[in-house]
Amino acid sequence: MNSAVSNIILMLVMMQVAKKLNFEDPTILLYTRIFYISCQVATFLVFAIVRFRINSKNDLTTIKYVEPANPMSGQTEPRAVVTTVKEYDLQQVNSQIKGIFTSLAMMGFMHLYMKYTNPLVMQSVSGIKSALESNIVKIHLFGTPATGDLKRPFKQAPGILESLTGAAGGLQTDKQSVENAETAGAGGIKQD
Amino acid sequence: MIFEALTKLFPIAVPETGSLTLEEVNNMTILQRLKLRDWRLEIFTLGFIILFSLFFKIGDIYNQSKVTSFLNGIKPSLSRQFFQYGVSKDKLYIKDSSENYSSYATGRLNIFNVNIKFQLAPRQNVFVWILETIFSFFTTSVLPPSDKVEIIIHPSGKYDNFISAIVSKIGMNDARKFNYFLSLCKTSDSKNLPNSFVYMSESNEIQEKLTTEELKRNLSVESANFIKYIAFTDQPIDHPESIREMKPIRKVIIQLELTTKKKDLETLNNVLDTIFSIIDKLSDGVINFKPETLKKIVKTRDLEVEKLQKIEQDLKNERLAEEQAKLKRQEREQLRNMSSEEQLKAEKKAAERRQKKMQKKQRIKM
């Protein structure tokens, strides 16, 4: 099933579940909190295992691709990236782990400060679901071969701005553009 | 919070000064009088300062010991190769700060000097150290603290300008990002090198010829853990902003992760010896390159110069446009300040001028 479709179904189901629960009851509240935290810990563990696998595989195959220009972050020209499979994978996992922390912070604000409990129920399952669906987990935990959609560099879903303007974003991997960007002298720019 | 905890830990009964009469205070010794006041905040502050200075000293000494053992570790190679190793006869290094050290070697054929620069983790300042470590995980603009050593060799012998480097695959994208000269190069894997290294070079011929048998022998898969790159370059590390900054200065840069392991230092000694002998070979013309290769390199350099020229031209145009806009604005301002009659006159004049121009144009056309 498509992950977007299953996400919506999951969301609807969880909304119904959240409706049925009485969050005024301290025991239910406690269990909801425990459930949420344990889901987050499980997600973190999944990524920790993946990290460990990547490090023990130590795949030093070189990969090259061109990152599109991103004027929002002050990068005016497309930049060639030369990296190894190991480093690329670690970067992917690290950004996922960072995601856990940001969602924890968001939830902390929503739940502890704004006193919403519903999102706690929704986020707990969807977090672990999206973790298990991510490319990097598919490769290293389920052992899916890294071909087709899982070929590195992974395709990125177009951002809101790009889909609005219809600009040709996304990574380029063809030989010509990589070679051009690689020797373009884009390094050593002082950022302050 | 801290203060409450302190109160719990040291419940000092503080007699109120108000309840004492002048006579009683007069009869007290200095120590007794001092005890009247609550000194906990001062004690806490003082304790903190002492603790911080203690940590500072420990970190400082640790950094220094690292530098010393590294410099002593590469002594076999450098003192054999150079007349002078160290900043003076009996001093091996200069301490610029707790995290910056530098050393020096000179007195050898074909080489002006060798600068050794250390950039260590801020161990002396525990807070900065911890903060940098945490921030480096969340943003890419803060680098995780590490111990870096840069050995920069300035050759005095003459050889051709080129860029060619052997780069560790660990963090090679960062190497490309922070070094202008590496971002001019093509990256390629090669059977000549252990699979933890890549070439970044302007031409295949150069990289093959520079990788002597000796160098091949000395590099192993594990060396990539501490050798970040070994680069022959004539271009700067920072992106040049003017054509003057692109002036070729030949350098050999060896960037390392500071290591004090015996085995690593042994490898490093061998690698340094090899690099010096490669520089000799280059200067003596034992290693030389095909004219086509050199022509190609010059061409890529010209392209870079053109890019800079274009940027400079654009800047100039922008400045000109700005000046013209300013003139126009001034004219308009003047008009506004004039009386209505004067304004009319000025407008008439401007209209006449325009007409004359038109006529001129027509005449030319005809």
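Two residues are taken to be in contact if their C-beta atoms, placed from the backbone, lie within 7 Å. The model is predicted.

On this criterion, helix α1(A) meets helix α4(A) through A:Ser3, A:Asn7, A:Leu10, A:Met11, A:Met14, A:Val17 and A:Ala18. The partners in α4(A) are A:Asn118, A:Val121, A:Met122, A:Val125, A:Ser126, A:Lys129 and A:Glu133. By class, the residues of this contact are eight nonpolar, four polar and two charged. Helix α1 spans residues 3-20 of chain A, and helix α4 spans residues 118-133. Their axes lie 9 Å apart and form an angle of about 155°. Angles over 145 degrees count as roughly antiparallel. The two helices, α1(A) and α4(A), are therefore roughly antiparallel to each other. Their crossing is right-handed.

The contact between the chains draws 17 residues from chain A and 24 residues from chain B. On the side of chain B, two or more residues come from each of α7 (172-178) and β7 (186-188). Helix α7(B) gives the most, with five residues. The side of chain B that touches chain A holds nine nonpolar, eight polar and seven charged residues.

Within chain B, B:Gln235 sits in the loop between β9 (227-233) and β10 (251-257). B:Gln235 counts as buried because it has 30 C-beta neighbours inside 10 Å. Leaving aside residues up to four places away in sequence, B:Gln235 touches B:Ile163, B:Tyr180, B:Phe181, B:Leu184, B:Met246 and B:Pro248. B:Ile163 is 72 residues from B:Gln235 in sequence. The C-alpha atoms of B:Gln235 and B:Ile163 are 7.5 Å apart in space.

Note on methods: Residues are numbered from 1 along each chain as its sequence is written. Chains are lettered from A and ligands numbered from 1 in the order in which they are written. This is a predicted model: local features need pLDDT of at least 70, side-chain atom pairs count only at pLDDT 80 or more; totals for chains, interfaces and linings use all residues. Axes are lines fitted to C-alpha atoms, for helices over the stretch in contact, and angles run from 0 to 180 degrees between N-to-C directions. Helices (H or I, at least four residues) and strands (E, at least two) are DSSP runs, numbered from the N terminus. Angles under 35 degrees count as roughly parallel, over 145 as roughly antiparallel, 65 to 115 as roughly perpendicular and the rest as oblique. A crossing is left-handed if the near helix is turned anticlockwise from the far one by less than a right angle, and right-handed if clockwise. Ala, Val, Leu, Ile, Met, Phe, Trp, Tyr, Cys and Pro count as nonpolar, Asp, Glu, Lys and Arg as charged, and the others, Gly among them, as polar. A residue is buried if 20 or more other C-beta atoms lie within 10 Å of its own, exposed if 12 or fewer, and partly exposed in between; C-beta atoms are placed from the backbone.
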